[in-house]
Amino acid sequence: MTYVMFWLLQDFLTVLTFGTMRIPELFLLYLAYRLLTQDWGKNVSVIWAAFLGGLMWDLRWIGIPGFFILSYVSVVMVVLWVWNTLPTSGRTPTIIFFLFWTVQLLPAFLSTLILRRGADGGNWILFGLQQGCAVPIALLGVFLYIQHGKKQNA
């Protein structure tokens with residue numbers, strides 16, 4: 001249910017700012033947060049959520065099924081692979097920040113590169129604004145991860 005709420009929040013904010021700004025990937029950030037904070041056996045549901053969220057985003061915004069499915073599932077798989085290859089001592093807040101920022105960066109970069117409209121460079125400005133908004137959100141994700149770790153160790 002929480003997956004749906006984050007997807008709807010991102011969709012609502014995208015509608016509100018349509019044409020003026022791109023919203024950071026809140027849905028994907030929540031999926032990455034879930035990957036980093038839950039048990040290994042529950043990660044399959046996150047991958048399915050990425051697939052369905054990408055499918056809904058494709059049908060809602062570009063009408064070509066497959067583009068956001070590929071980018072969402074790929075990002076989730078990269079985060080999962082990196083997280084599981086790191087030793088526990090290497091899972092520092094800096095690494096977590098880069099994982100959360102990668103979640104913000106890759107789908108936005110791909111959509112800007114492939115779905116660009118016009119040659120005026122406006123899409124790259126929107127991309128820069130989106131990434132500027134994504135950094136504080138990634139930092140918030142790191143803060144929430146640290147708070148989660150403190151609760152687990154208390």
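Gln131 is located in helix H6, which spans residues 122-153; helices are DSSP runs of H or I with at least four residues, numbered from the N terminus. The structure is a predicted model, in which local features need pLDDT of at least 70 and side-chain atom pairs count only at pLDDT 80 or more, whereas totals for chains, interfaces and linings use all residues. Residues are numbered from 1 along each chain as its sequence is written, and side-chain values use heavy atoms, with hydrogens and water left out.

With a relative accessibility of 8%, Gln131 counts as buried (buried, under 20% relative accessible area; exposed, over 50%; partly exposed, in between; 1.4 Å probe, protein chains only). Residues up to four places away in sequence not counted, Gln131 touches Trp101, Gln104, Leu105 and Ala108, contact being defined as heavy atoms within 4.5 Å. Ser71, placed in helix H4 (residues 67-85), is likewise buried, at 4% relative accessibility. Beyond its neighbours within four places in sequence, Ser71 is in contact with Pro107 and Leu110.

The largest nonpolar core contains 33 residues, of which Leu31, Leu36, Val79 and Phe100 touch the most other members. Such a core is a set of buried Ala, Val, Leu, Ile, Met, Phe, Trp, Tyr and Cys residues joined through side-chain atoms within 4.5 Å. At least two residues of this core are supplied by each of helices H1 (2-16), H2 (26-37), H3 (43-62), H4, H5 (93-114) and H6, and the largest share, 10 residues, comes from H4. Contacts of Phe100, not counting residues up to four places away in sequence, include Leu29, Tyr33, Ala138 and Val142.

Phe27 belongs to helix H2 and is buried at 2% relative accessibility. Apart from neighbours within four places in sequence, its contacts include Tyr3, Phe6, Trp7 and Tyr72.

Across the whole structure, 14 aromatic pairs are found. Rings of Phe, Tyr and Trp (its six-membered ring) pair if their centres lie within 6.5 Å; planes under 30 degrees apart count as stacked, over 60 as edge-to-face and the rest as tilted. Trp7 and Trp57 form an edge-to-face pair, with 5.4 Å between centres and 85° between planes. Trp7 lies in helix H1 and Trp57 in helix H3, so this pair ties together parts 50 residues apart in sequence. The pair of Trp57 and Trp61 is tilted, because the ring centres are 6.0 Å apart and the planes lie at 40°. Trp57 is buried at 6% relative accessibility, whereas Trp61 is partly exposed at 26%. Trp7, Phe18, Trp57 and Trp61 form one aromatic cluster.
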